[in-house]
Amino acid sequence: MNYSFVSISKTPQYISLFRCLFGICFLGSLLVACDSDDSEDVSGTEIPLVTGPNSDACKLSESEIHATATGLEYIVTPDACFDSLSGYEFEPSYVEIDGLNMHYVDVGPDNGEVILLLHGQPSWSYLYRKMIPILADAGYRVIAPDNIGMGRSDKPIDVTVHQYEQHVAWTKAFIDKLNLTDINLFVQDWGSVIGLRIAGDMPQVIGRLVVANGDLPVIPLGGNPYIYPTFEIDESLGDAETFFTSKSTDRVEGFQQWINYASSVPELIAGDVVQTLTINLLSDEEVIAYNAPYPNIEYKAAIRAFPAMMVGIEMQNFSAWKTLGAFHNPFMFNAGEYDINLGSIETQQKWVEHVPGSDDGDHRRFAAGHFIQDDVGEELAIHFLDFLRNTTVEEPLQAGGPLFNFRYCEILLSYLDGAEESTEIWGTPGVNFCPQNQWDAINFSDIEIEYGALFAIPNGPRFFVVDEILGGDIVSPSPDDEHRFFGDLEMRLLTTMNYSSDLGESVSYIPGQVLRNNTWLFYEGRRVYELTDINGQVYIMQSFSRIEVSDLQFDDLKDLGSRLNLPEGWTFRSRILSEPLEVSAIDGIAEVVQDDLGNSYQLVP
C-alpha cells in the first residue's frame, strides 16, 4: 500500500545487520543468514542445512511449472522453505480456489467465534505470528490466509494475473469455501483494500471490523494518477532502506515510485521491506522467515505486482464505501504512529467518522510503524480481545444497492405562480457528492436575488435510504439536463414540486407532491423507517438529512422516533424487511412528507 518511511534510530546492531543483509548475504537469489565480523566460528566448517529457508532443498529447488484447468501457470514454494521458521509453528491448511491451493492458518476451537486476519504486501501470514496464539488461547477460531501468490499459497508466475478485482474475488471465494459467517475481520495494508471492499460487499457475514493501518481508495472516474509499470529489471535500483529513505514525500509521486521499484528491483526482499517499515529490530531469523516463500524471483510475481494493482482502482469501491457508512456493528481503527499515510490521524479519523459502529471502539495510536502486527503484535492482540469482549454484534447489515447511503445535496428554489407555490429542486446526484466545503460556502440570500426566487432553501447533505431506483435514474445525468453553479457547487435540475401557497415555509408533516415517475426499491433484510399519519397512511423514509442534526448517521435512525416532534396521532417505527419492497409514484406524482429534522418520506400506496 502507500508506504511512508520515517527515519527511526533502532539500535547499533541495526547498522551491522543491514550491512550483513545488503552486503554479502545473497546466495541463489535468496537472502541467507551470515555472521557479523566479531562472531566466533565454532566449527570451522559449514554444515549444509537439510531443511528450512536456507537449505538446498529450498534454495536450489527447480521451479516446476503447473497449470490450472484454465491454463493459468503457477509454481509452488517447496515445503522445506517453511521448516523451522522463528515463531511460526502452525500446521498448514489449504483450500482450492480456481484450481490454485490457497494456504491458511486455522487454529483454536472449531466452534469458536471466527477471527479472520488479512495481510498485505510483501508480507504473509507470518506477520500475524505474535497475535494468533493469544487470540486462539482466548477461545477464538483464528484464520489467517496467505493471498494467492504469497506465503504458502500457489504462485501464478504471470505478473498481470495479479489484479485488484481478481484478489477480491479470490478472497470472497475463500470465505465462501470455508462457509465463514459472523466474522471478526482484522485487516491491514492491502489486506484492508481487499478486506474493506469485501466487508462493504458482504456485510451480512461480518460481525466486527477492525482496521490497523489501512484504507479503501475511491478514485473518480478518469482520475487515477498511477501508471502501470513495465516490470523490466533495473540493475541500478538499490535496497529497500535506501528506497524508502529517499522516495518522495508526495503521496501520489511516492506511491508511483513504490510501484516502479517493486516491479523492477532485481531482488525485492520481503524481509528487508518489513524491517525498514517497523520500528523494532527484527532478528536475522525473522527476516529470513519473511523471505521464506520466495526462493528466487520466479516466486515473486505477486509481491512485485501488488502495488501496481492501484492502477486499476477507481469507482468500483464506491458502493462498499457507502455501505460501510451504514455499518452499525462494532468497528475500530488502530494506527501506527510512524505510518504517516495509512496510519495517519487523518485516515484514522476519516474512518471513525464514517462508520457508525465506531462509537464503542477504543481507536488507539501505537508506537509502531506500518507493519504494526510485528512491532506491537502482543499488545495489539490483547487490545483486540478487549474490543471483542466489550462490544455486541447486532443484526447483520445487508449489502447496499447503488443508491444506498448515497450522499447528495439539494437547493429548493420557490416561485409563486398564482395561488400555487412551485419549487424547482436542484441537486448534486449525477454531478458530484456535495463536497462539504463547497456546500458550506453557499450564500443562499445571494441565490434568492440572483434567480428571483421567493426562497432558496438548503436541503442537505442528504443520504438515500433506498437501494435502487426503478423506471428512472436521478443519479445518472442526461445530456438534456439543465446545470447551474451555486457558488462553486455544480447542480442539475432534478424535478419540480408544488405546495399550496398558504402553507408558508413550514411544511414539516404536511404532504407535498413531487413530479417523478419512478419506483424505490428496498432490498430484503433492509431496515426501513416509517411514519404513520393520523389516518393510518404510511410514509417510508427515502432519505435522511443532516440539516438539523449535522452528525446524524444510519445507526441513529432506528431510534429516531424519540427525537421527533410528531403531530398528535402520528407514529414512527423501524422494521427489517422480510422481502423486497417497492414504493411507486402514482401517475407521475409522488406524495412526500418531511419530518421536523428534514428527513424525507414517500407515501406507500
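User: How many disulfides does a search of the whole structure find?
Analyst: This is a predicted model, in which local features need pLDDT of at least 70, side-chain atom pairs count only at pLDDT 80 or more, and totals for chains, interfaces and linings use all residues. Residues are numbered from 1 along each chain as its sequence is written, and side-chain values use heavy atoms, with hydrogens and water left out. Taking a disulfide as a pair of cysteine sulfur atoms within 2.5 Å, the search of the whole structure gives a count of two.

User: Which parts of the chain does the disulfide of Cys58 and Cys81 link?
Analyst: The sulfur atoms of Cys58 and Cys81 lie 1.9 Å apart, and the link is right-handed, with 105° about the S-S bond. Helices (H or I, at least four residues) and strands (E, at least two) are DSSP runs, numbered from the N terminus. The pair, 23 residues apart, links distant parts of the chain, namely helix H2 (residues 56–59) and the loop between strand S4 (73–75) and strand S5 (93–97).

User: Is the disulfide of Cys409 and Cys434 left-handed or right-handed, and why?
Analyst: A disulfide joins Cys409 to Cys434, with an S to S distance of 1.9 Å. Because the torsion about the S-S bond of Cys409 and Cys434 is about -80°, the disulfide is left-handed.

User: Which residue in S4 is the bridge partner of His66?
Analyst: Two strands pair if DSSP finds at least two bridges between them, and S3 and S4, which run antiparallel, are joined by two bridges. In S4, the bridge partner of His66 is Tyr74.
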